[in-house]
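Open your viewer and get ready to select residues by number. Each stop tells you what to pick and what is there.

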Amino acid sequence: MQDGHERILARDLSAGRHYVGGTAEGFALIGASGAGKSTAINRILSYYPQVVTHDEPFSLQQVVWLKLDCPHQGSPKQLCMHFFQELDLALGTRTFAQFGKTRNPVDLMMAQMAQLANRHALGVLIIDEIQHLTLAKGVGRDALLNFLVTLINTIGIPVIMIGTMGALSLFQDDFRQARRANGLGCAVWERLRPESAWDHFVDVLWKYQWTRQETPLTDEIRYVLYEESQGVIDVLIKLFMLAQLQVMEQSAFRNTPEVMDARLFRETSARHLKIIEPMMRALKTNNQREISKYDDLRPLDSHVSQVFQNVMPQMETISLSMPGLDSGKGGESGDVDPLIGVLVQAGLATDLATPMAAKVRALHPDASMLELIGFVSVLLQDPGNAVPRKGKRPSGKQVPRKPLAVSRISDMVRKGQEVGRNAEESLIAAGLIRRPQFGPC
């Protein structure tokens, strides 16, 4: 603690009067994006309490672990600010308001960060997304790396760094000597190969089917899954999710079984995973230079979330408006024709969709859902079969109906007399008037 006070006054992490030998060592976990590095570390940390309160021999709030994300620009000052924020969340303190002011110099922030870590007996510091250091400008990258080395050497805090393949240059160049001097190990997680580990993961994943029909896992499906994901676990999971969503969507509109096959996974990948197509192509060709350019799958996460947000409301609306979807036909007591729900989803008003559905059902009783939709489309394109649709509200100005010319009526009467009809019968035949109806008094 006295050495920490000296470091704060001198703003130098190497300052101090008392040397205390430490046995702490760092560790680096590098792997392909989406391989499960962060997930694995989070699962491990969940087995340990983050804060332990000690009463004996003195009062101490010990922080067992603290996990940070490396700043996007690799700024040491931003890393210190993240440290203060996470420490406040764990302990309920206000260190960020006290030490995290932007006007404070970075060397003072680093000294305060080291002192707080020492005061709360920080067990391990985990820094995720360490590849962001490659974007650091000026001396920011070297300063942060040297700071982490000092935490391990002087303060005695183990540091675990997690990053993608883009972080390999940090450990192969600037950090090589520090790694050798401090016993810093480095584990590289490659993407899964089509071997026993891959087969086991696919077998476990395949149990999570949300479709109405259960699809057996075949060798062809297993092969296509690897071809489209290239052994990246995150891509495999998202492909499996999106394929089920797509087959459910197709079943809702076409009344087809919810069965997954190799063709479905190829179509899903071509439709929804275009955002990572360059990365998949680089993995297939094993071009390390190209792979290093596409080491971040976070845009894929946001893309998949957007796909679900767009599709799920439609699926819920279809399921509510189409209770007879399993049979694909309407007419049962209390059931709504599923064709009406599909037409409403396509943008037709209910008062137009209802007669159209009834008409095509009567004309084509054995047609499938997709064929019925096509027949409705043909009817809508034929003006003679159009049904008044619910459109814009009529404006207040009414267009007056033009009266039929008198000369035209005279011609109708004259032509009727030529064939032996009187004036009344001629107008009835022309459809201008109706024949009077006489009922009982």
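Select Glu-258. Glu-258 is buried, with a relative accessible area of 6%. Buried means under 20% relative accessible area, exposed means over 50%, and partly exposed lies in between, with a 1.4 Å probe and protein chains only. This is a predicted model, in which local features need pLDDT of at least 70 and side-chain atom pairs count only at pLDDT 80 or more, while totals for chains, interfaces and linings use all residues. Residues are numbered from 1 along each chain as its sequence is written, and side-chain values use heavy atoms, with hydrogens and water left out.

**Stop 1: the partner of Glu-258**

Arg-212 and Glu-258 form a salt bridge, and their closest N and O atoms are 3.8 Å apart. A salt bridge is a side-chain nitrogen of Lys or Arg within 4 Å of a carboxyl oxygen of Asp or Glu. Arg-212 sits in the loop between α9 and α10, and Glu-258 in the loop between α11 (233–254) and α12 (262–272), so the pair ties together parts that are 46 residues apart in sequence. Helices (H or I, at least four residues) and strands (E, at least two) are DSSP runs, numbered from the N terminus. Is Arg-212 buried or exposed? Arg-212 counts as exposed, at 52% relative accessibility.

**Stop 2: a network**

Select Asp-203 and Arg-222. Their side chains meet in a salt bridge (3.2 Å, N to O). Asp-203 lies in helix α9 (residues 196–205) and Arg-222 in helix α10 (residues 219–229), so this pair ties together parts that are 19 residues apart in sequence. Asp-203 is partly exposed, with a relative accessible area of 34%. Arg-222 is buried, at 19%. Asp-199, Asp-203 and Arg-222 are linked in a network of salt bridges.

**Stop 3**

Move to Asp-234 and Lys-238. The closest N and O atoms of this salt bridge are 2.7 Å apart.

**Stop 4: Leu-264**

Select Leu-264 in helix α12. At 3% relative accessibility, Leu-264 counts as buried. Which residues does Leu-264 touch, not counting residues up to four places away in sequence? Show Ala-243, Gln-246, Val-247 and Val-259. A contact means heavy atoms within 4.5 Å. Next, draw a line from the C-alpha of Leu-264 to the C-alpha of Gln-246: the two are 8.3 Å apart in space and 18 residues apart in sequence.

**Stop 5: a surface patch**

Turn to Ile-44, Tyr-47 and Tyr-48. They form a nonpolar patch on the surface, with about 400 Å² of accessible area together. Patches are made of residues with over 30% relative accessible area and no salt bridge; like charges are joined within 9 Å, and nonpolar side chains (Val, Leu, Ile, Met, Phe, Trp, Tyr) within 5 Å. Ile-44 is found in helix α2 (residues 37–45). Ile-44 is partly exposed, with a relative accessible area of 47%.

**Last stop: the whole chain**

Zoom out. The protein chain has 20 helices and 7 strands. Buried residues make up 40% of its 441 residues. Its accessible surface comes to about 25,900 Å², and 53% of that belongs to carbon and sulfur atoms. Accessible areas come from the Shrake-Rupley method with a 1.4 Å probe; for residues, only the protein chains shown count as cover. Among contacts between residues at least 6 apart in sequence, 68% join residues at least 24 apart.
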